[in-house]
Amino acid sequence: MSVKEYDMIAIGSGSAAAVLEGWLEDHLQSRGAIIDKDAPGGICLTRGCIPSKMLTSVADVVRTIERSREFGVSVSGLEVDFSKVMDRVHRHIDPEIRGIENGLSHSPHLDYYHSAVEFVGPYTLRSSTGVTMRSKRILLGLGSEPTIPPVPGLRESGPLTSDTVFALRKRPGSLAILGGGYIAAEFAHFFSAMGTQVTIVGRNPRFLPREDPEISAVVTRGLGRQVRFRLGRQPDRVAASTAGRKVLHLIPTSQEPAESLEVDEILVATGRGPTTGVLHPERAGIRTDSQGWIVVNEYLETGQPGIWALGDATGTFRFKHKANHDAKILYEALESGRRVAVDYHAVPHAVFTDPEVASVGLTESEAIGRFGAEAVLVGRYEYKNTAKGQAIDVEEGLVKVLVRSPGLEIVGAHIVGPLASVLLQEIVNLLYTPERSARPIVDGMHIHPALNEVVERAFLNLVPARTQAEGPPSD
Ligand SMILES: Cc1cc2nc3c(=O)[nH]c(=O)nc-3n(C[C@H](O)[C@H](O)[C@H](O)COP(=O)(O)OP(=O)(O)OC[C@H]3O[C@@H](n4cnc5c(N)ncnc54)[C@H](O)[C@@H]3O)c2cc1C
Ligand SMILES: NC(=O)c1ccc[n+]([C@@H]2O[C@H](COP(=O)([O-])OP(=O)(O)OC[C@H]3O[C@@H](n4cnc5c(N)ncnc54)[C@H](OP(=O)(O)O)[C@@H]3O)[C@@H](O)[C@H]2O)c1
C-alpha cells in the first residue's frame, strides 16, 4: 500500500486550510494537503455566515421600505422576486467557491482532496477515494453540522436545514422553524420579510434563551410582529397532509390542548453537532467529549503531539471570528515554535435578526452570581432617548452594560436594535485592553448625533444592579 507523506495536513477547508496555507507560504519546500468532503471554502462561505447574511440583508431592505410611510415616504408596489433573491446569493458565493477550488487544485505546494477522510491509525488517514496519507502535523478544522431531533416522521418529511435552504428557488407559503436560537431568529426574519407565514416552535419558553432576558424580550416583541411564536413547546411527530403539506403535531403543555400546524416546509434549527463520526479520531488516540467534540487544551492541542483542533470542532463558541482567532493562534505557534494560548475571555456574537442583537460577556444574573449584587453596576439606555434614535424612529432598542464596582471594569454588554453588532464593537475593543475599563467611553467624545451616543449614555447611567426603579429582576 502506497502512503503519501505530507509535512502538514488540514482537514476542513475553512480555518484549518487558512493555517496550512499561511504556513506553506513560509515553508516553500514543504508539502501539504487540504481535505474537505464538501465545497471548499468552509461552512461560513458555502452554507453559513455569508449566504445567510446576504438573505437577512434583503429582509432588512424589505422592512425598511415597509416602514418608509412612517417617514412620509410612500412606496407602492413592493414586490419580492424570491428566486432572484436566492440567485443573488449564488452569484456571489459560487464564483468564490470556484476560485478557491481552482486555487487549491493548482497550488504547487499542496494536494487538495475533495473527499471525506478518516483516521486508520495514529497520524494516518485514508480518503473515501482510497488515498492513504500520513503526516506528523495534522489540523482538525472539522466544523459542525445541523442536528435533526429524533421526532417521529420529521426526517422522513424531508425538512430543510441550513445546509439545504440555500437551494430553495420557490418561496414556501408557510414555514415552521424548529428551534429558538440563532438560525431560527435569522431565517424567521428572512422568510417573514419574503412574505412567508413563519411559526417558530421553540422548546425553551424563552426565545434566544442565551441572551440577557431583557434583550430576548425586546426581540420576541419585535420579531413577534412578523412571525408567530409557539414557545415552550416540543414537536411530537410530523405527518403528511392529504394536500401534500407537512403536519407538525406539538406536545400539549399542561395549560394548553394538543395543537398541530400544517405548513409547506419545516426548517430544522435545533443546533449543530460534531462531524467526528466521519473522521474516527479515536483510531488515532484523539479524545472526544461525550457529544463528540474534539477535546483540546488552551493551546488547541489534542492528546496527540502535532495534532491540533480548531474552530467549531472543539465545540466552544461556534462562530467564524472564534475559528479565525484559533487559526491565528495556531499559525503563531507553528511559526514561532512555542505554544500560544487561546484567549476566549471576551467572545462577542451577533444575531442578524429584526431587531439585531449583539452581546459580549456576562448577563446581569451571571455578573451578580460571579461578583455579588453589591459589586455590579448596570447601565441602560434606550435608542429613542438619543437624537439619532429619534431621527431613525427606533421604537424599541436598548443598550445594557454591566461593570464591576468599584472601578469601571466592563463585564458584559448587550445591545438590541439597529446596528447592534457595530455598536458593540466599541465595547469589545476595550475588553482587549489590560484594564478592560469603560473609562475611554465615559471620558471620550462621541460623535453627535450618532447611535454610539446610546452606548456612551448607558455607561453614564450606571446604577446598582437590580435596584433600578424601572426594573424587575432581569434573569
Ligand atoms: C446558517 C449559519 C449561519 C452562520 N452565521 C454566522 C455568523 O453570522 N457569524 C459567525 O461568526 N458565525 C456564523 N456561523 C458559524 C460559522 O459558519 C462557523 O463557526 C464556521 O464556519 C466554522 O469554521 P471552521 O473553520 O471550524 O469549519 P469549516 O472549515 O467552516 O468547516 C469544516 C469543513 O470540514 C469538512 N469536514 C469535516 N469532517 C471531515 C472529514 N472527516 N473529511 C473531510 N472533510 C471533513 C466539513 O464538511 C466542512 O466543510 C453560521 C453558521 C451557520 C450554519
Ligand atoms: N449570527 C451568528 O453568529 C450565527 C448565525 C447562525 C448560526 N450560528 C452558529 O450556528 C449554531 C447553530 O445555530 P442554531 O440556531 O441551530 O442553534 P442554537 O442557537 O444552539 O439554538 C438551538 C435551539 O434549538 C433548540 N433545541 C435543541 N434541541 C432540540 C430538540 N431536540 N427539540 C426541540 N428544540 C431543540 C434549543 O432549545 P433549548 O434552548 O431548550 O436548548 C435552542 O432553542 C449556533 O449555535 C452558532 O454557533 C451563528
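Helices (H or I, at least four residues) and strands (E, at least two) are DSSP runs, numbered from the N terminus. This is a predicted model, in which local features need pLDDT of at least 70, side-chain atom pairs count only at pLDDT 80 or more, and totals for chains, interfaces and linings use all residues. Residues are numbered from 1 along each chain as its sequence is written, while chains are lettered from A and ligands numbered from 1 in the order in which they are written.

The shell around ligand 1 holds 34 residues, a residue being near if its C-beta atom, placed from the backbone, lies within 6 Å of the molecule. G14, G42, G48, G143 and G311 are the closest. Each helix in the table supplies at least two residues of the shell.

| Helix | Residues |
|---|---|
| α2 | residues 43–47 |
| α3 | residues 49–67 |
| α7 | residues 276–279 |
| α8 | residues 320–336 |

The protein chain contains 13 helices and 24 strands. Its radius of gyration, taken over C-alpha atoms, is 24 Å, close to the 23 Å that the globule rule (2.2 Å times the number of residues to the power 0.38) gives for 475 residues, so the chain is as compact as a globular protein of that length. Along the principal axes, its C-alpha atoms fill a box of roughly 70 × 65 × 45 Å.

Five strands form an open parallel sheet in the order β4-β3-β2-β8-β18; two strands pair if DSSP finds at least two bridges between them. At the edges, β4 (110–113) and β18 (307–309) each pair on one side only. Strand β3 (residues 32–35) is joined to β4 by four bridges, and I34 has Y112 in β4 as its bridge partner.
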